[in-house]
Protein chains: 2
Amino acid sequence: MLVMDGLGGLPIGTNETNDTSGKTELETAHTPNLDKLAADGITGLHLPVGTGITPGSGPAHLGLFGYDPLEFQIGRGALEAVGIGFDLEKGDVAARGNFCTVDDSGKISDRRAGRIDTSTCQKLSELLNEKVKIDGVEVIVQAVREHRFLLVLRSDGLSDAVAETDPQRTGKAPLSPEAFEPKADKTSSIIADFVEQAAVILKDQRPANMLLLRGFSQLPDWPLFHELFGLKACAIAAYPMYRGVAKLVGMVPYEVDDDLDKEFALLEQYWSDYDFFFLHMKQTDSAGEDGDFAKKVSLIEEMDQMIPRAMKLKPDVVIVTGDHSTPAIMKKHSWHPVPLLLWSKLCRPDNVKEFGERACLGGSLGAAFPATDIMPLALANAGRLEKFGA
Amino acid sequence: MLVMDGLGGLPIGTNETNDTSGKTELETAHTPNLDKLAADGITGLHLPVGTGITPGSGPAHLGLFGYDPLEFQIGRGALEAVGIGFDLEKGDVAARGNFCTVDDSGKISDRRAGRIDTSTCQKLSELLNEKVKIDGVEVIVQAVREHRFLLVLRSDGLSDAVAETDPQRTGKAPLSPEAFEPKADKTSSIIADFVEQAAVILKDQRPANMLLLRGFSQLPDWPLFHELFGLKACAIAAYPMYRGVAKLVGMVPYEVDDDLDKEFALLEQYWSDYDFFFLHMKQTDSAGEDGDFAKKVSLIEEMDQMIPRAMKLKPDVVIVTGDHSTPAIMKKHSWHPVPLLLWSKLCRPDNVKEFGERACLGGSLGAAFPATDIMPLALANAGRLEKFGA
């Protein structure tokens, strides 16, 4: 499964410019290898979550992995941990934290402490790591970016059923971390203790002299990829967020430079060790977010050049798609369906001869193929599904 | 949202005549402006309720407004009130009434009293309005058409959990209005009282000397359009039924002559006052019901001529569709999917260049787009939806 992040696009010319003759990034790219795969395979566009829904990267990848993103939701704290590659363990409680500013009466005057720079955030996080002491609890504070940090509490018998301390507006004091149910009383006390100690430790700092905690959550208890699909799977991705989501469903993550050549080298190296490879290209999404149409085009062409290396490994099934659309003209994720191709020795080729948004509209997977159906279809094409009924 | 009622059609030549070369009403119509919108927008056909389901106008419009017609069902009495533009209030109980004929022993001999004419129905309704007296209850009888009338009871603490009095066949006496649950006892007594007084008042009338009541119901307690979608919405429609359904979901209804020019004048007049406009053209459906293929064609062309006026207002999103199909050759509503186009500055144009049933089959919305997905898709195209997940 080769995922070009944010693959789907829009033509440069749009109704905004009264020029709809243009092509999308993928349509513009010269992709002889992908076009050949599309011609020999089946094509369509997939819907990551649902009609009109713009997905974040986490839910979008869960969909590709066969997990309905509406059912399998990751708590904000756990997602923060995943996003920065923190190795959250079963039982840990994670929270997303903000350093903030409070006035002399303890009321919040700035929920983001003027968006302090990341190095200040790191300094404050280290201060808390060093000074906060709670009996029987390991407390880990890790800077994320600007005012944001990750808090992880590690101990026995913790629960994430605790209310956030962030009142979500200024002029109010931070809230106390109330337990939603009796079994969370212990965790609630630990968090209250942490906040109290942090308030003293941060008191003389400026502008970040206090903190707010949100999204207490634990590692989700989901059925694993190999349990669901019987596939020993690994993830080759340069960015921690994607390795993290893959790891959440039980794939073995491989860290690698943000370099397609190195990613394919890993694919070749571990080819005989796994049944399923998720290979992630981040830069297409970044180029889209930057509004760099031409760069996104050339990155897609770079992936195209790798296809022969993948085919040389003689895969049973090849899937090429994106997790969502990131049209360069929008500079952000969007709701538009995502081009999808699936190649196998036993697929029934449709009439589509090239890999592009509008070409794929005529493909046999249709214009709104549910992302969560990709894995079952891949399994069928790999000959790994039993007959249903006699 | 421009709705041509009953837009979907069938070719004059059909399999019945062994001539399938013909065009539908929409395909026949000369619609350069709609074709341009289709070329610049996304297209498909929508399914109002489900495969093979022929919808009534109420459910079909609810679907367009984003309310699943199978989940959001209006009681028959309340729908009758909506249909004739009666201003039903919260707490009112409405019923659909029939004037009927009973014999000397009180048994029903004609459930529709020979379909008395509407003027007789009006006379009898006025008689009941004048003579029925129930302490603490306002009783309103309003003629509908032929033998049909609307009964509305207005008081505190009413319930619609009351069984109909119509045994649905002749040779039986009208049933007593039993309460389905204790809290409906009061309403049940009031209805019994009404029926008893009506029996005396109507006793000497011929042929309608009695009445039957069905479908006791109250205004539904639904989430409102602006709560669901964050849009301040209004409805421009000549017929009370459509204003009524729009009002049920919280749109502000504007009454207008059955004249597209006047409807668009209202659209222009109130353009800055609302976020969402539902503009309804009834005559396409009426022409279909009359079997007047040519008239339906020319009405569609009339709507086409209005498109430039709509575009001059610089809308973010334009939706053009029908609520259901009313093929002229069938002279009634049908189950056939309905042509749909959506235009926005950020839609990804598909390959469809004209607005017609068969052209739209190749559109990116597919051939069976759920009507209830139109609103979410419109919101996405208007940039009004948040990203799902991080």
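How many C-beta neighbours inside 10 Å does B:Ala390 have, and does B:Ala390 count as buried, partly exposed or exposed? The first close-up gives the answer, and the others follow in turn. Please keep in mind that every view shows a predicted model.

Figure 1. B:Ala390 has 16 C-beta neighbours inside 10 Å, so it counts as partly exposed. Look across to the other chain: leaving aside neighbours within four places in sequence, B:Ala390 is in contact with A:Gly56, A:Gly58 and A:Leu79.

**Figure 2. Here chain B meets chain A, with 21 residues of chain B in contact with 26 residues of chain A.** On the chain B side, β12 (338–344) and α13 (374–381) each supply at least two residues. The helix α13(B) gives the most, with four residues. Sorted by class, this side of chain B has ten nonpolar, five polar and six charged residues.

**Figure 3. Chain B is laid on chain A, with an RMSD of 0.2 Å.** To bring the two together takes a turn of 121° and a shift of 0.1 Å along the axis. That is the relation of a three-fold axis. The copies use different surfaces, as 5% of the contact residues of chain B recur in chain A.

**Figure 4. Chain A is divided into two parts, domain 1 (2–72 + 223–381) and domain 2 (78–217).** Taken over C-alpha atoms, the centres of these domains of chain A are separated by 36 Å. Their contact takes seven residues from domain 1 of chain A and five residues from domain 2 of chain A. Find helix α8 (residues 240–248) of chain A: six residues, the largest share of the domain 1 side, come from this helix. By class, the domain 1 side has four nonpolar, two polar and one charged residues.

**Figure 5. Helix α5 (residues 118–131) of chain B is shown with its buried and exposed residues.** This helix has 14 residues and reaches 20 Å from its first C-alpha to its last, close to the 20 Å expected at 1.5 Å a residue. Which residues of α5(B) are buried? They are B:Cys121, B:Leu124, B:Ser125 and B:Leu128. These residues cover an arc of only 105° around the axis, which puts them on the same side of α5(B). The buried residues of α5(B) pack against β3 (93–102), β5 (138–145), β6 (148–154) and α6 (185–202) of chain B. On the face turned away from the buried side, you can find the exposed residues B:Ser119 and B:Glu130.

**Figure 6. Helix α13 of chain A has the buried residues A:Ile374, A:Met375, A:Ala378 and A:Asn381.** Seen down the axis of α13(A), the buried residues fall within an arc of 125°, so they line one face of the helix. What covers them includes β2 (42–47), α3 (57–64), α7 (225–229), β11 (317–321) and β12 (338–344) of chain A. After α13(A) comes A:Gly383, with a positive phi near 70°.

**Figure 7. A:Thr372 lies in the loop between β13 (369–370) and α13 (374–381) of chain A.** Is A:Thr372 buried or exposed? A:Thr372 is buried, because 22 other C-beta atoms lie within 10 Å. Not counting residues up to four places away in sequence, A:Thr372 touches A:Gly63, A:Gly66 and A:Asp68.

**Figure 8. This view turns to backbone geometry, with a cis peptide bond joining A:Arg206 and A:Pro207.** Omega is about -5° at this bond, and A:Pro207 lies in the loop between α6 (185–202) and β7 (210–217) of chain A. In chain B, the peptide bond from B:Arg206 to B:Pro207 is cis, with omega near -5°. For background, most residues other than glycine have a negative phi, and most peptide bonds are trans.

**Figure 9. Two residues other than glycine, A:Gln168 and B:Glu146, are shown for their positive phi.** A:Gln168 has a phi near 70° and sits in the loop between β6 (148–154) and α6 of chain A. With 11 C-beta neighbours inside 10 Å, A:Gln168 counts as exposed. B:Glu146 has a phi near 50° and is found in the loop between β5 and β6 of chain B. B:Glu146 is partly exposed, with 17 other C-beta atoms within 10 Å.

Technical notes:
Residues numbered from 1 in each chain as written. Chains lettered and ligands numbered in written order. Predicted model: local features only at pLDDT ≥ 70, side-chain atom pairs only at ≥ 80, totals over all residues. Contact = placed C-beta atoms within 7 Å. Nonpolar A, V, L, I, M, F, W, Y, C, P; charged D, E, K, R; others polar. Least-squares fit on C-alpha atoms with pLDDT ≥ 70 in both. Domains from an automatic or database assignment. Expected span 1.5 Å × (residues − 1). Buried ≥ 20, exposed ≤ 12 C-beta atoms within 10 Å, placed from the backbone. Arc of directions from axis to C-beta.
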